[in-house]
Amino acid sequence: MSINGQALDTAFGANPLREGLASQEAPPGHTLVIFGGSGDLAARKLVPALYNLERNALLPSSLAVVGLGRRPMDHESYRTRQLEATTSFSRTGKPDPELWSAFQQGLYYVRGDFSTHAGYEDLKRELAEIETRHGTGGNRIFYLATQPSLFPEIIRLLGETGLNRGPGTTRIVIEKPFGRDLATALDLNAIANDVFDESQIYRIDHYLGKETVQNVLVLRFANVIFEPVWNRRYIDSVQITVAESVGLEGRGTYYEEAGVLRDMVQNHIMQLFALVAMEPPVDFEADSIRDEKVKVLRALRHLEPDQVANNVMRASYGAGFVDGREVPAYRDEDGVAPDSTTETYFASRFFIDNWRWKGVPFYLRSGKRLAKRASEIAIQFNEVPHLLFGDSNPDGVPPNVLAMRIQPDEGVSITFEAKQPGLGMRVRPVRMDFGYGQSFAEESPDAYERLLLDVMLGDQTLFIRRDETEAAWRAVMPILEAWEGDTVSRLPTYEAGRWGPRQAGDLLRADGFRWRRL
Amino acid sequence: MNLTTSITDTLPTLARLREQAARQAADAGAELNAQMLLATIVARYPHPTAWADIEAETKPVVAAYPGRVIALVNDPDTAQSPDPVRVGLLAAQRSDGASAIRGELLTAALEGRAFEEGAAIAASWSASGVPTVVWWNGPATTDDHLFEDMLDIADRILVDSSAMTDAAADFEVLGDIVMASHHARVTDALWLRLLAWRQAFAQAFDQPAARIDLEHVRSVELAVQQSPGGNAAALLLVGWMASRLGWRLDRRTTQGWRLASDGHAVDVICEPSSTPNVLIEMVRLSAPTSRYLAHMPSPEDIVVDCQSDLAPITHVAVRRPPPTRPRLRLDDLLTGGAHYSVFQQSVTLARTLAAA
Ligand SMILES: NC(=O)c1ccc[n+]([C@@H]2O[C@H](COP(=O)([O-])OP(=O)(O)OC[C@H]3O[C@@H](n4cnc5c(N)ncnc54)[C@H](OP(=O)(O)O)[C@@H]3O)[C@@H](O)[C@H]2O)c1
């Protein structure tokens, strides 16, 4: 609930008819204004997500969506375009004609330039008209789905034209990347928090909308068997992997500026890391969870400039084969400089200086054009303190591993030791597996469905708070600074379609570990 | 793929079927990924029912929630059948197009006393370590031996109050059962059928500004199917509303009941509906300056029109096709009969209204 909503809710008490139906709460009417409504994100993710919410009757009947962009288009052609996009990208395939026809009546396109005052005055007029037509109650969401370089300007102009305060609740959703370093993130926060209250700001990291990422919290805090061993006394190391097999997919210019550290590590990996390592929150309220995430991010050991080389590895992919297809080296991709030193692979070792984790290495890695698309969090437990079955198992027995698979093939597995049938005492590792797909045939909603619904409901739990994004940037800044001061002319390379550069293994080998093969 | 067998040989036959399926899958180069069972479902069929019908009804449920279904079928002709037990695997299409085994179906055709003692079969065939859920296919009862046994061996029993024949007596029984501490918790398919109505009203009053009207409701009018099921549905829905809003029974009236709210009366009026195949067709809540009309413009929709003398009309639509029987059963499995106290309180009030 926004500030206004909260005040009203307290004045009239909770809805007594809602008890027992809490999870099905439908949001109040809204106008969703997409800055970049003609862009790729709107077509691929946002409109299909809205349609699927509508399909599940989770949207308010009074919802209007206004796409903003530069290219000329009328409402009708915008609707046709979005129908085509939803047909291609929706997880539920081709939309139901009848449902779509009702849904599209709330879709509008407004042409204008984000950088001029006039565009916002036009928007204001359009909004007034659309809000009356749809009875949205004046609740507005501004979704920044455009080049990040435009974010500060858009926010400033929303403030100058008074659109930051509307007749109902007003919220702003800010897409990633949130800044390109600590300084720009601080600047963006300063502008955003100057124009909007923090309770109005929703910084998106779509990883948090994924069912399996939320399951990390459930696994940890809805079970009693894991939390007692979730600490340095029982855990030897943690590996977090976010691997992609795809390359740049036409976004070479963007990637050249970003690199994997900004594109994946500062946001998605840091979020996974925080969820795995945080202390139990006092409740499931947005701020309780975010407080704990910030605390653990702040406990990450700061890397000194001379420690970066020993704890961080970067590389870029060379040519190779992926899925049986020959692919070019990163430096030969469109939009990439032939002498580029942008990293497409990152691996690092982090430590957390707190009571729970002191001395436990966290190995993080991410990259493009790796052997397969796989995201996973693996917790490796200590070896048994004393092996009773040493005679039959001279090499010892492998440690227990709890692996949470984020994508694909979402699930959780535990490896443990079992006696091999026979007269001796041979011990073999076996795997106990829980697969989402096998247990729950219900399809998971797309991350954007969950997140858009939460914005409408005013639930900030799965969004990044100001201090959280700053803490995540602080954690990676020593690396960025060390790289900037480094004048290498060429990064180590790895063959596309493999598991990254060979040297990445050295990071773990020194500690007696190996990267998991996923 | 299914085989007939005898009661004692049922589980070994099931194991053989599984092995056979695994071999076939391996021959076809596929992996059989189907050992997971999340529930035992005991389905009671009080009348002879064909294997194909039972399969058609249970398959969509286990496709979404893998389980072992034990169907106990009351069949007076079973003496003629040498093999009263049939065992099969339930396969379903996965999203990637491959077929996967999602469950097991064990049916036993039983007669008279054997049917009444079916709980013993259910207990010995149940998968271990997972909850046992009974689909009773009828209203809760206290004079049925099988039901009494199931209260002990099962974890949950899904009854269906829309099959009630005598509302006063049947709600009395249901009220006693849901308030008692049996091993099994009793949930109700009728309660699940009313979910869309409950949601529609909850949604209409999610707006804080509308909430104030709830304290001033003066009348509730319902258009209800002229049948015992319609009557039971109206009682449970009004019971729900009254328990949520703190209304108490004042007295019975010719068309319904007069309830007492804080300082004023609420008249509940039931009228016969004009649509034969829905239990409840329309519900209208009236307060001095506003009216909330929930109705079904199509079998797929419930819409609430909120009309206030102080504000323009707003619509709240809850789009929900009426749940099919397998869907109701799945909902029950997935929600685990959650928010039980709301159900208990609603039944208690429905019982008071029915007895008035
Ligand atoms: N694409 C994805 O799958 C994806 C995934 C995760 C996050 N994101 C994030 O989402 C954001 C948008 O990405 P995108 O891929 O959708 O970008 P995009 O396809 O390049 O879209 C940019 C949009 O902004 C509009 N625009 C740009 N400058 C404008 C101006 N001065 N005035 C008015 N409209 C202007 C464009 O309108 P015209 O085209 O009409 O000129 C277009 O609608 C980025 O922050 C990105 O990091 C994207």
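## Charges and overall build of chain B

In chain B, the mean positions of the 29 positive and 42 negative charges lie 5 Å apart. Here Lys and Arg count as positive and Asp and Glu as negative, while His and the chain ends are not counted; each charge is placed at NZ of Lys, CZ of Arg, CG of Asp or CD of Glu. Please keep in mind that this is a predicted model, in which local features need pLDDT of at least 70, side-chain atom pairs count only at pLDDT 80 or more, and totals for chains, interfaces and linings use all residues. Residues are numbered from 1 along each chain as its sequence is written, chains are lettered from A and ligands numbered from 1 in the order in which they are written, and side-chain values use heavy atoms, with hydrogens and water left out.

The C-alpha trace of chain B spans about 70 × 45 × 35 Å along its principal axes. Chain B holds 12 helices and 16 strands, where helices (H or I, at least four residues) and strands (E, at least two) are DSSP runs numbered from the N terminus. Of the 356 residues in chain B, 52% are buried; buried means under 20% relative accessible area, exposed over 50%, and partly exposed in between, with a 1.4 Å probe and protein chains only. Chain B exposes about 15000 Å², and carbon and sulfur atoms supply 51% of that area. Accessible areas come from the Shrake-Rupley method with a 1.4 Å probe, and for residues only the protein chains shown count as cover. Among the contacts in chain B with a separation of 6 or more, 69% are between residues 24 or more positions apart, a contact being heavy atoms within 4.5 Å.

## Domains in both chains

Chain B is divided into domain 1 (2-192) and domain 2 (194-325), with bounds that come from an automatic or database domain assignment. Taken over C-alpha atoms, the centres of domain 1 of chain B and domain 2 of chain B are separated by 35 Å. Their contact takes 13 residues from domain 1 of chain B and 13 residues from domain 2 of chain B.

For chain A, the assignment gives domain 1 (2-15 + 25-175) and domain 2 (209-387 + 398-413 + 433-445 + 465-509). The C-alpha centres of domain 1 of chain A and domain 2 of chain A lie 33 Å apart.

## A covered strand in chain A

Strand E1 (residues 30-35) of chain A has 6 of its 6 residues buried. On one side these are A:His30, A:Leu32 and A:Ile34, and on the other A:Thr31, A:Val33 and A:Phe35, so both faces of E1(A) are covered.

E1(A) runs parallel to strand E2 (residues 63-69) of chain A, and 6 bridges join them. Two strands pair if DSSP finds at least two bridges between them. A:His30 has A:Leu63 as its bridge partner in E2(A).

## Loops with backbone features in chain A

Two cis peptide bonds are worth a look. One joins A:Lys176 and A:Pro177, with omega about -5 degrees; A:Pro177 sits in the loop between strand E5 (170-174) and helix H7 (182-195) of chain A. Another joins A:Gln407 and A:Pro408, with omega about -20 degrees, and A:Pro408 is in the loop between strand E13 (401-407) and strand E14 (411-419) of chain A.

Positive phi turns up too. A:Glu249, though not a glycine, has a phi of about 50 degrees; its place is the loop between strand E7 (235-243) and helix H9 (252-277) of chain A. A:Glu249 counts as exposed because its relative accessibility is 64%. A:Arg369, also not a glycine, has a positive phi of about 55 degrees and lies in the loop between strand E11 (362-367) and strand E12 (374-381) of chain A. A:Arg369 counts as buried because its relative accessible area is 9%.

## A buried arginine

A:Arg356 is located in the loop between strand E10 (345-350) and E11 of chain A. With a relative accessible area of 12%, A:Arg356 is buried. Leaving aside residues up to four places away in sequence, A:Arg356 touches several residues, including A:Arg220, A:Glu227, A:Trp230, A:Met278 and A:Glu279.

In helix H11 (residues 325-335) of chain B, the buried residues include B:Pro326, B:Leu328, B:Arg329 and B:Asp331. Their cover includes E2, H2, strand E6 (132-135) and helix H7 (189-193) of chain B. Just after H11(B), B:Gly336 takes a positive phi of about 60 degrees.

B:Ala50 lies in the loop between strand E2 (39-45) and helix H2 (51-64) of chain B. B:Ala50 counts as partly exposed because its relative accessibility is 42%.
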